[in-house]
Amino acid sequence: METKRQGIDMKVRVLGAAIMVGMAAACGTVEDEPPVAETPIGEDAALAPDQDQVAVACAPMTGNMALDGRASPYDSVTVSIGGEEAKLCYGRPSMRDRDIYGGLVPYDTLWRTGANEPTTIHLPFPAEIAGLQVEPGSYSIYTVPGQDEWEVIVNRSTEQWGIESQYTDEIRAQEVGRASVPAESVDEPVEMFTISAEEAGAQSAELVLDWETTRVRIPIERV
């Protein structure tokens, strides 16, 4: 009986360690500094996430959303479509008296769509993101901001750091595709980069990206 109890305790400790590793890998480290090393969680981490895996993927390492040593807090957005929930994870930089689009974020240049890691969406159902068809799973969402329209890039790779220099030919080869969406203007400047989800129909929603005086909508439709 004692040996069996020890075996159960060991399994609990291993499972707890795996969950903490997954949370740490998802949340990253200091803004604009790539992690020194990544600890593999195992083959199951590459599978399409169920709802428990989605929750772990976006969980912060502390009790609040501002992580120690991180200038841009790590946040998440729940996207409800057709009775199921997708989850989007992203870093939230602030303006801090800086010119954003055309300045800090140059036009016509690849952007991680946030800070630190690339913005990542976890889908439990097949969908179209900006018209690009994807199967259930996890995808990074890059963008190329323009003055009148943005290019949306959906990529199967989610483990790389977000900066442009790490978007190698290997990473580019994993793109699902690229699509264009219009850019809008808002009257009141938005200090912190914000992604929200708005219902657009029974089987569709929009990711709404707001920062500075620019708004971009990325449609998601369940298929």
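These legends describe close-up views of one predicted protein model.

The model is predicted, so local features need pLDDT of at least 70, side-chain atom pairs count only at pLDDT 80 or more, and totals for chains, interfaces and linings use all residues. Residues are numbered from 1 along each chain as its sequence is written, and side-chain values use heavy atoms, with hydrogens and water left out.

**View 1**
Helices (H or I, at least four residues) and strands (E, at least two) are DSSP runs, numbered from the N terminus. Along the sequence, the pattern reads α-α-β-β-β-β-β-β-β-α-β-β. The protein has 223 residues, and 41% of them count as buried. Buried means under 20% relative accessible area, exposed means over 50%, and partly exposed lies in between (1.4 Å probe, protein chains only). Take the contacts between residues at least 6 apart in sequence: 59% of them join residues at least 24 apart. Contact here means heavy atoms within 4.5 Å.

**View 2. Nine strands form an open sheet.**
The order is E1-E2-E3-E6-E7-E8-E9-E4-E5, and the pairing is antiparallel. Two strands pair if DSSP finds at least two bridges between them. Strand E1 (74-81) and strand E5 (132-134) stand at the edges. Each has a single partner strand, so one side of each is left without a neighbour in the sheet. Neighbouring strands are turned by 30 degrees against each other on average, direction ignored. For such angles, axes are lines fitted to C-alpha atoms (for helices over the stretch in contact), and angles run from 0 to 180 degrees between N-to-C directions.

**View 3. Strand E3 pairs with strand E6.**
E6 covers residues 137-144. The two strands are antiparallel and share five bridges. Threonine 119 has isoleucine 141 in E6 as its bridge partner. Histidine 122 also belongs to E3, which spans residues 119-123. Histidine 122 is buried, at a relative accessible area of 9%. Its side chain makes a polar contact of 2.6 Å with the side chain of serine 138. A polar contact is a pair of N or O atoms within 3.5 Å; within protein, one must be able to donate a hydrogen and the other to accept it, and residues adjacent in sequence count only if both atoms are side-chain atoms.

**View 4. Tryptophan 111 and tryptophan 211 form a stacked aromatic pair.**
Their ring centres are 6.0 Å apart, with 10 degrees between the planes. Rings of Phe, Tyr and Trp (its six-membered ring) pair if their centres lie within 6.5 Å; planes under 30 degrees apart count as stacked, over 60 as edge-to-face and the rest as tilted. Tryptophan 111 lies in the loop between strand E2 (84-91) and E3, and tryptophan 211 in strand E9 (residues 204-222), so the pair ties together parts 100 residues apart in sequence. Tryptophan 111 is buried at 9% relative accessible area, and tryptophan 211 is buried at 1%. The structure holds nine aromatic pairs. Ring pairs link Tyr90, Tyr101, Trp111, Trp150, Phe193 and Trp211 into a cluster.

**View 5. The largest nonpolar core has 35 residues.**
A nonpolar core is a set of buried Ala, Val, Leu, Ile, Met, Phe, Trp, Tyr and Cys residues joined through side-chain atoms within 4.5 Å. Ile121, Leu123 and Leu207 touch the most other members. E9 gives the most to this core, with seven residues. A second, separate core has six residues, including Tyr142, Ile153, Tyr167 and Ile171.

**View 6. A hairpin joins E8 to E9.**
E8 and E9 are antiparallel and pair over eleven bridges. Glycine 201 stands opposite serine 204 in E9. Alanine 200 is in strand E8 (residues 175-201). Alanine 200 is partly exposed, at 47% relative accessibility. Leaving out residues up to four places away in sequence, alanine 200 touches Ala205 and Glu206. E9 also pairs with strand E4 (residues 127-129), antiparallel, through three bridges. There, glutamate 128 has glutamate 221 in E9 as its bridge partner.

**View 7. Threonine 113 has a positive phi although it is not a glycine.**
Its phi is about 65 degrees. Threonine 113 sits in the loop between E2 and E3, and is buried at 1% relative accessibility. Glutamate 212, also not a glycine, has a positive phi of about 55 degrees. Glutamate 212 is in strand E9, and counts as buried at 15% relative accessibility.
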